[in-house]
Amino acid sequence: MDEKFDVAIVGLGPAGSSLAYFLRKSGLRVVGLDLVDWDGIWGKPCGDAIGKHHFEETGLPTPKGEALRNFVKGIDIYSPSEEIRLRVEGEGYIINRNAYGRYLLEEAVSGGVEVRLRSFVVKPLFTNGRLAGVEYKDLRSGEKKTVKANVVVDATGTSQVIRRKLPRDWPAHELLKDVDANLAYRRIVDLDREIEDYQYIRIYVNQDIAPGGYWWYFPEGPTSVNVGLGVQHGRGYPHPKKIFEEKILPRKELQRIVRVKSDAGALVPTRRPANTLAWDNFLGIGDNGFTVNPIHGGGMGYAMTAAYYSAKRIVEAAEKGDYSARGPLWMVNIDYNRHIGAKQASLDIFRIYLQTVSNDVIEWGLRAGIVDAAKAYNISSEGELEVEPSVFDKLGLVVRNITALRRLLQLRMVASYMRDVKRLYLEYPESPDELAGWVQRVESLYAEFKNKLGINW
Ligand SMILES: Cc1cc2nc3c(=O)[nH]c(=O)nc-3n(C[C@H](O)[C@H](O)[C@H](O)COP(=O)(O)OP(=O)(O)OC[C@H]3O[C@@H](n4cnc5c(N)ncnc54)[C@H](O)[C@@H]3O)c2cc1C
C-alpha cells in the first residue's frame with residue numbers, strides 16, 4: 001500500500017535538508033529521500049564558502065564545531081594581471097558541508113521528519129493528471145517503492161529528477177541549458193606552511209585561465225585550501241580539471257602540497273531563477289530552480305533561502321488544504337523573486353556580458369575604477385551596476401580614446417538591461433494565469449540584449 005505524506009522532499013542537499021529542518025515540528029507528515037547515505041550528505045563538490053548573512057536571514061543555525069572550518073573576514077578579487085586587488089569586507093564561513101548537513105537532518109529527524117537514505121528516486125507519480133508522489137528504488141533491498149504526498153519538492157540539484165519528468169506543457173518543466181552553467185572542478189589540499197591572510201578568500205578573474213568563469217583559492221584554515229575553477233559549459237572550452245593541472249597547480253600558492261584531501265567537479269547553474277519554482281503539487285528549489293548567484297555561482301545560501309520561503313508557504317497550503325499553483329505555493333515565487341531573484345536576474349545579464357569580454361576589458365574596468373570594492377559589493381548584493389555620468393568626466397582623458405568610450409557606453413547599456421530585468425522580476429506575476437505573458441517579456445528582453453552583444457548562444 002502507498003504511504004501518504006503531506007510533503008515528499010526529493011534530495012537532501014542544502015535545499016532539501018534546510019526545508020526538512022524548517023518543517024520539523026510543523027505537525028506535517030514529511031519524508032525526505034536521498035540516494036546517498038549519511039556520509040554522502042551534502043556531498044556535491046563545492047568551494048564550501050557561505051556568507052554569514054544567509055544564516056541571519058533564514059534563522060538557520062550558524063556552523064559550529066566540526067561543521068566550521070574557517071571564519072572568513074572578506075574576499076580579495078584579483079584582476080587578470082593580478083596587479084589590482086579589490087578587498088571586499090564581509091563575514092562568512094568555510095564549512096564542512098557533510099557535518100553541517102548532517103546536523104540539520106538530525107535535527108529534522110528529532111523534530112519528526114522521516115528520512116530515507118539510499119533511496120534513489122526514479123520518477124514522479126501522477127493520479128488523474130495531478131502530481132501525487134514519487135517512485136524510488138530502495139538501494140539497500142533493491143525493492144521498488146512509492147510514497148504519495150500532497151506536495152513533491154524537487155531538491156535534486158542540477159539532475160532535476162522530478163522537474164525534467166513533469167509534463168512538457170507544465171511551465172515548471174524547464175531544463176538547465178549548458179551555456180547557462182559552469183563546469184567546475186576543485187581540489188582540497190594541505191600545504192606544509194601557513195597561508196598568508198588565510199581568513200580572506202581569493203577570487204581570480206582571468207578569462208585565459210577560467211573562460212566564462214573564475215578561479216578561486218579559499219583557505220579552509222591556516223594550512224589547508226580549497227582551490228578550483230568554473231568554466232562556462234557548452235562553449236567547447238577545455239575541461240576545468242585539465243586547466244587546473246596545467247595552469248593552477250604549478251602556481252606558487254600551491255607549492256609544497258602534503259596531502260590531497262578531495263578532488264572532484266560538478267555543474268553549477270549560473271542563470272536567473274527558473275520561470276517558476278512552483279506548480280500544482282510541486283516545488284523545485286535550490287540548483288533545481290537555479291536559485292544561485294549567476295556571477296559567483298554560490299548556491300548554498302540561496303538554496304536555504306528558497307527552502308525558508310517554501311516551508312512558510314507549504315504550512316499555509318496545508319492549512320488551506322490547497323496545494324495547487326493558484327494557492328499559497330505560488331507565493332514562493334513572489335517571496336523569492338522580490339527578495340533575491342530580481343537581483344539574481346540582473347546579475348545574470350552582467351554574467352552574460354562578462355562572458356563576452358576579454359581580459360583587457362576586465363583589467364581596464366578595474367584599473368579605471370569603473371568597479372571598485374564598494375561597487376563590487378553593490379553589484380553582488382543589490383544586482384546594481386552604476387555607470388554614473390561622472391565616470392565619463394573622471395576618465396576625460398581616457399574617454400578621448402575611442403576604445404574606452406565604446407567600452408563605457410557598452411557598460412551603460414548593460415547596466416540599463418540589468419535594471420530592466422530586475423524590474424521585471426520585481427513584477428513577477430501574482431497568478432499562474434499571467435506567467436506565459438511574463439516569460440515572453442523576459443525572453444524578449446534577453447534576446448534583445450544578446451543581440452546587442454552579438455551573441456548567438
Ligand atoms: C565545484 C563547485 C564549487 C562551488 N562552490 C560554492 C561555494 O563556495 N559556495 C556556495 O554557496 N556554492 C558553491 N557551489 C554551488 C553549491 O554547491 C550548490 O549551489 C548547492 O550544493 C546546491 O544545493 P542543492 O540542495 O540545490 O543541490 P545539491 O547540493 O546538488 O543536492 C542535491 C541532492 O539530491 C540528491 N539526488 C540527486 N538525484 C537524486 C535521485 N535520483 N534520488 C534521490 N536523491 C537524489 C543528491 O544526492 C544530493 O544530495 C559550488 C558548486 C561546485 C560544483
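## Domains 2 and 3

In this predicted model, the centres of domain 2 and domain 3, taken over C-alpha atoms, are separated by 25 Å. Their contact draws 14 residues from domain 2 and 11 residues from domain 3. On the side of domain 2 that touches domain 3, strand 5 (residues 85–95) supplies the largest share, three residues, and by class that side holds six nonpolar, six polar and two charged residues.

The domain assignment of the protein places domain 1 at 3–61 + 97–177 + 271–341, domain 2 at 69–94 + 178–269 and domain 3 at 345–453.

## The ligand shell

Because domain 1 and domain 2 both give residues to the shell around the ligand, the ligand lies between them. Of the 41 residues around the ligand, those that come nearest are Gly13, Gly47, Gly157, Gly286 and Gly299. Two or more residues of the shell come from each of helix 1 (14–23), strand 3 (49–51), strand 7 (119–127), strand 10 (181–191), strand 14 (257–269) and helix 5 (300–320).

Sorted by class, the shell around the ligand comprises 21 nonpolar, 15 polar and five charged residues.

Most residues other than glycine have a negative phi. Asp48 counts as buried because it has 21 C-beta neighbours inside 10 Å, where the cut-off for buried is 20 or more.

Asn281, likewise not a glycine, has a positive phi of about 60° and lies in the loop between strand 15 (278–279) and strand 16 (282–284). With 22 C-beta neighbours inside 10 Å, Asn281 also counts as buried.

Notes:
Residues numbered from 1 in each chain as written. Predicted model: local features only at pLDDT ≥ 70, side-chain atom pairs only at ≥ 80, totals over all residues. Near = placed C-beta within 6 Å. Helix = DSSP H or I, 4+ residues; strand = E, 2+ residues; numbered from the N terminus. Nonpolar A, V, L, I, M, F, W, Y, C, P; charged D, E, K, R; others polar. Domains from an automatic or database assignment. Contact = placed C-beta atoms within 7 Å. Buried ≥ 20, exposed ≤ 12 C-beta atoms within 10 Å, placed from the backbone.
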